[in-house]
Amino acid sequence: MTVHARVLVRPKAGILDPQGVAVERALPALGFEGVANVHVGRLIELDIEDPSQLHAMCEKLLANPLVEDYEILEAQEQRPDADG
Amino acid sequence: MKFGVIRFPGSCDEVDAVLACEHVPNASAQLLWHGDPDLHGVDAIVVPGGFSYGDYLRAGAIARFSPVMESVIAFSHAGGLVLGICNGFQVLCEAGLLPGALLPNVGRRFICRQVQLEVVHSTMPFTADTAAGELLSIPVKHTTGRYYAPPEQLDSLEAHDQILLRYASGANPNGSSNDIAGVRNAEGNVFGLMPHPEHAVDPLTGSTDGLKIFSAMAHAHG
């Protein structure tokens, strides 16, 4: 039995996020006004047999805790025969 | 004196690094494949620039766990000299051998140009062939070169003379904290920098200032 998990990794608050700044500046050019505090992170999806390993996995590889925060978004049981 | 230069899948400056090492009198260099944990008896390690493992996830994050890096970590803990250049600097930070992290440039763009670096400390084993305050002309070429460390760690780096190179006044190309271009570890045997000294060893390319880093390592080895 595996569990489907999502890990959200984002730049730590207070550390300049140039990608977020670029997106924030691009939106008004397309007519989307009133947008602030845009940050760009990454979503990591995985199927895992032992979800208790997720935190260690984040600390060691998926995120760099010095500069990134991570959040384990959800963990749903998945049918053993599920694919994709 | 034998240098070992790591080659990861995606490295691109390892051949220039070997040539730079070979510019040092009485020094030789050999490539070390990432999948081989044997360091083949080299006296010092260079972790070169490039895009190890495609820079997937974060620059240096996956290379840090390669078989050769486990040996490099043990080598450094035993006092061996390790130089990380650009992607190599990122790998050493990810491996915890150097403090801090490299983040995307403030301007978001890839930067490739000659920069002026100021020698902060002239000290064994990496900058002893330069003078404090000397300006070095060495190129940078990176997208993820903004050195970051939390404020209290920056204070500690300053207090313990771990910042060996800064971008010269007004020449910080990427938004690095405290204009930091190169830092060493607390023990002093591991040094990482974003600029590429291996591309500044021949008058043909305009500067030989980079050679001073490699020659200092050879002198330290004796």
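Trainee: What share of the contacts in chain A with a separation of 6 or more comes from residues 24 or more positions apart?
Mentor: It is 76%. Two residues are in contact if their C-beta atoms, placed from the backbone, lie within 7 Å. In chain B, the share for residues 24 or more positions apart is 74% of the contacts with a separation of 6 or more. The model is predicted: local features need pLDDT of at least 70, side-chain atom pairs count only at pLDDT 80 or more, and totals for chains, interfaces and linings use all residues. Residues are numbered from 1 along each chain as its sequence is written, while chains are lettered from A and ligands numbered from 1 in the order in which they are written.

Trainee: Why is chain A called more spread out than a compact globule?
Mentor: The radius of gyration, taken over C-alpha atoms, is set against a rule of 2.2 Å times the number of residues to the power 0.38. For the 84 residues of chain A the rule gives 12 Å, and chain A has 16 Å, well over that, so it is more spread out than a compact globule. Its C-alpha atoms fill a box of roughly 45 × 30 × 15 Å along the principal axes.

Trainee: How does chain B stand against the globule rule?
Mentor: With 222 residues, a compact globule would come near 17 Å; chain B has 15 Å, which agrees. The box of its C-alpha atoms is roughly 40 × 40 × 35 Å.

Trainee: How many residues of chain A count as buried?
Mentor: A residue is buried if 20 or more other C-beta atoms lie within 10 Å of its own, exposed if 12 or fewer, and partly exposed in between. On that test, 10% of the 84 residues in chain A are buried. For chain B, the value is 52% of 222 residues.

Trainee: What makes A:Q19 partly exposed?
Mentor: A:Q19 has 14 C-beta neighbours inside 10 Å, and therefore counts as partly exposed. Leaving aside neighbours within four places in sequence, A:Q19 is in contact with A:V40 and B:P104. Its C-alpha atom is separated by 19 Å from that of A:V7, twelve residues apart along the chain.

Trainee: Which residues make up the side of chain A that touches chain B?
Mentor: The contact takes nine residues from each of chain A and chain B. Helix α1 (residues 18–29) of chain A gives the largest share of the chain A side, three residues. That side divides into seven nonpolar, two polar and no charged residues. Here Ala, Val, Leu, Ile, Met, Phe, Trp, Tyr, Cys and Pro count as nonpolar, Asp, Glu, Lys and Arg as charged, and the others, Gly among them, as polar.

Trainee: What makes β2 and β7 of chain B edge strands?
Mentor: Two strands pair if DSSP finds at least two bridges between them. Chain B has an open sheet of nine strands with mixed pairing, in the order β2-β1-β3-β4-β11-β10-β9-β6-β7. Strands β2 (28–33) and β7 (135–142) each pair on one side only. On the β7(B) side, strand β6 (residues 111–119) of chain B pairs with β7(B) in the antiparallel sense over eight bridges, and B:C112 stands opposite B:K141.

How values were computed. Helix = DSSP H or I, 4+ residues; strand = E, 2+ residues; numbered from the N terminus.
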